[in-house]
Amino acid sequence: MQLIDLHVHSTASDGTLTPTEVTKLALQCGLTAYALTDHDTVDGVAEAMQAAENTSLTVIPGAEFSSPYEGKEIHILGLYLNPHCPELLSALRQVREIRNRRNEELLALFQADGFPIKYEDLIHGNEHTVITRAHFANVLLEKKLIKDRKEAFSKYLSPGCPGYVERQFLTPKGCIEAIKNAGGAAVLAHPTLYDLDMTQVETLCKELISFALDGIECRYSTYTPAQTKAVEKIASTLGLFPSGGSDFHGENKPDIRLGKGMGNLQIPYTYWEDLRTRCR
């Protein structure tokens, strides 16, 4: 079976491997294709695709968008995006500006509380990276201010904690429009992570379908067999194409392996063949 991975991160956002390193690892893992889906950016796509030239591997240009839904944050993947699309780049610049303002507020909160964190610590020499809460967690750990990354989120970076700043988002409709403008397929990522039951996930999907959602992540690193079956049923009922991805982040999610998740993940190439029919 030809295996793929349609949800992968690099140092262009909150992964720990460069796009080139991710591509080399995908080749070592025997993948046929993978989608680089960094948060709110396509900046790593050109490097990843260049690293895959003259190899058996296909790099699918993508991005992961965040959006609000009933007080929660949901994620929508854009797959096979035109990384030069002006409408897409404009939407990503808007999102980047929103992130930057939030990160400035977060940094100010930590500094006001006496934490010795500087902007230079967050970017680690990569001034183009999209800074996320994971970057703050890593710096707190590096400076030995916490015992592990989980503590960063449970104590500081989650809603209700002293180091949390609420973020503004593009609407779900806006995210999907940006994806469609760039010729891509729109996929709801990891629906089990939103603290919704399956009836609520189905309701969410129906709303997103009205904006032209194409697929849903039916295979994912942390799904139980029962969750996989339930999400596949929603896909079948609503006519959504199945997708699948590890959500690989390198050492930022050390239990998750590229293409294999926690060891048993298998995403067939047919998933991408079907989703590609929705791309322009």
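Q: A strand is a DSSP run of E with at least two residues, numbered from the N terminus; in which strand does Ile216 lie?
A: Ile216 lies in β6, the strand of residues 215-220. The model is predicted.

Q: Why is Ile216 called buried?
A: A residue is buried when its relative accessible area is under 20%. Ile216 has 0%, so it is buried.

Q: What is Ile216 in contact with, leaving aside its neighbours within four places in sequence?
A: Contact means heavy atoms within 4.5 Å. Among the residues that meet this for Ile216 are Val187, Leu188, Pro191, Val201, Cys205, Val231, Ile234 and Phe241. Pro191 is 25 residues from Ile216 in sequence, and the C-alpha atoms of the two are 8.0 Å apart.

Q: What makes the radius of gyration of the protein chain agree with that of a compact globule?
A: For 280 residues, a compact globule would have a radius of gyration near 19 Å; the protein chain has 18 Å, and therefore agrees. The C-alpha trace spans about 50 × 45 × 40 Å along its principal axes.

Q: How many helices and strands does the protein chain have, and what part of its residues counts as buried?
A: The chain has 10 helices and 7 strands. Of its 280 residues, 53% count as buried.

Q: Which share of the contacts with a separation of 6 or more is between residues 24 or more positions apart?
A: Such pairs account for 72% of those contacts in the protein chain.

Q: What makes β3 and β4 a pair of strands?
A: Two strands pair if DSSP finds at least two bridges between them. β3 (residues 58-69) and β4 are joined by 8 bridges, so they pair; they run antiparallel.

Q: How many bridges join β4 to β5?
A: 4 bridges join β4 to β5 (residues 185-188), and the two run antiparallel. With at least two bridges as the condition, they therefore pair. Leu79 stands opposite Ala185 in β5.

Q: What makes strand β4 mostly covered?
A: In β4 (residues 72-79), 6 of the 8 residues are buried.

Q: Why is Tyr80 called partly exposed?
A: Partly exposed is the class between buried, under 20%, and exposed, over 50%. Tyr80 has 39% relative accessibility, so it falls in this class. Tyr80 is found in the loop between β4 and α3 (86-112), and its phi is near 60°.

Q: Why is Asp195 called exposed?
A: Its relative accessible area is 67%, and exposed means over 50%, so Asp195 is exposed. Asp195 is in the loop between β5 and α8 (198-209).

Q: What is the phi of Asp195?
A: It is near 55°, a positive value in a residue other than glycine. Most residues other than glycine have a negative phi.

Q: Why does His128 count as exposed?
A: At 52% relative accessibility His128 is over the 50% cut-off, so it counts as exposed. His128 lies in the loop between α4 (119-123) and α5 (133-142). Not counting residues up to four places away in sequence, His128 touches Ala12, Asp43 and Arg96. Thr41 is 87 residues away along the chain, with a C-alpha separation of 9.8 Å from His128.

Q: How do you know that Thr37 is buried?
A: Its relative accessible area is 0%, and under 20% is buried, so Thr37 is buried. Thr37 has its place in the loop between β2 (33-36) and α2 (45-51). Beyond its neighbours within four places in sequence, its contacts include Leu6, His7, Gly62, Glu64 and Leu79.

Q: Why does Glu151 count as buried?
A: Its relative accessibility is 14%, under the 20% limit, so Glu151 counts as buried. Glu151 lies in helix α6 (residues 149-157). Leaving aside neighbours within four places in sequence, Glu151 is in contact with Ile146 and Tyr156.

Q: What makes Gly163 count as buried?
A: Gly163 has 4% relative accessibility; the limit is 20%, so it counts as buried. Its place is in the loop between α6 and α7 (172-181). Gly163 touches Leu106, Leu109, Phe110, Tyr156 and Leu157, not counting residues up to four places away in sequence.

Conventions: Residues numbered from 1 in each chain as written. Predicted model: local features only at pLDDT ≥ 70, side-chain atom pairs only at ≥ 80, totals over all residues. Heavy atoms only, no water. Rg over C-alpha atoms; globule rule 2.2 N^0.38 Å. Buried < 20%, exposed > 50% of the residue type's maximum accessible area, 1.4 Å probe, protein only.
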